[in-house]
Structures are given as structure tokens and as C-alpha cells.
Amino acid sequence: FSSTLGKALSKADLIVLNAAINIVPYYCLIAPLIILVLIRHGRFERSNVVRGFITTQRGDASSDMYFSQLTRSWSEEGIIGQK
């Protein structure tokens with residue numbers, strides 16, 4: 001097959017044709033690796049976003065407000081609502 005193509009095409013055309021035909025195995029090797037890298041990158045991004053939410057919820061102002069409200073409610077009403 002290549003001997004008939006070799007007579008019909010120049011050497012440069014054969015090199016380009018060979019590269020175009022043989023790109024599929026390289027693509028099949030590289031594409032899953034790229035997908036794995038993108039998935040792992042997405043996981044780290046999501047975990048960083050979740051960590052960001054958690055740290056904003058654990059901020060000093062919000063915890064101080066929560067505990068001050070809790071202390072005030074326990075001190076005013078007592079455990080069963082008695083003064």
C-alpha cells in the first residue's frame with residue numbers, strides 16, 4: 001500500500017499523511033490523562049470553595065453573636081423558663 005502511495009505522493013506528503021493517520025493513538029492516550037487532570041483540578045476547586053464557606057461561618061463575629069444570644073437566652077429564662 002505504501003509503495004503505491006510512495007509513487008503517487010512526494011516524501012513530504014507521505015510524512016504529513018503518516019502523522020495525520022498516527023495521531024489517533026496519541027490522542028487516545030493523552031485525552032484521558034487531560035480529563036483526569038481536569039477532574040482532579042475541579043475537585044480541589046470545589047473543596048476550596050467549601051472550605052471558604054466553612055471559614056466564613058466560623059468567623060469571630062458570627063460565633064460571638066451566637067454565643068452572646070445563647071448566654072442571654074439562658075440567663076433570662078433559665079432552663080425551664082423560670083427566672
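Is I30 buried, partly exposed or exposed? I30 is partly exposed, with a relative accessible area of 43%; buried means under 20%, exposed over 50%, and partly exposed in between (1.4 Å probe, protein chains only). The model is predicted, so local features need pLDDT of at least 70 and side-chain atom pairs pLDDT 80 or more, while totals for chains, interfaces and linings use all residues. Residues are numbered from 1 along each chain, and side-chain values use heavy atoms, without hydrogens and water.

**Fold**
- The chain has four helices and zero strands (DSSP runs numbered from the N terminus: helices are H or I, at least four residues; strands are E, at least two).
- I30 lies in helix 3, residues 23-57.

**Surface**
- Of the 83 residues of the chain, 1% count as buried.
- The accessible surface of the chain is about 7900 Å², with 67% belonging to carbon and sulfur atoms (Shrake-Rupley method, 1.4 Å probe; for residues, only the protein chains shown count as cover).

**Annotated region**
- The UniProt annotation "transmembrane region", from an unreviewed entry, covers residues 15-39; such annotations may be inferred rather than shown by experiment, and positions follow the numbering used here.
- Residues 15-39 are 96% helix and 0% strand, and their end C-alpha atoms are 35 Å apart.

**Confidence**
- The chain averages a pLDDT of 76, and 73% of the residues score at least 70; pLDDT is the predictor's confidence in each residue, from 0 to 100.
- Confidence is lowest in helix 1 (residues 2-8), at a mean of 72, and highest in helix 2 (residues 11-21), at 86.
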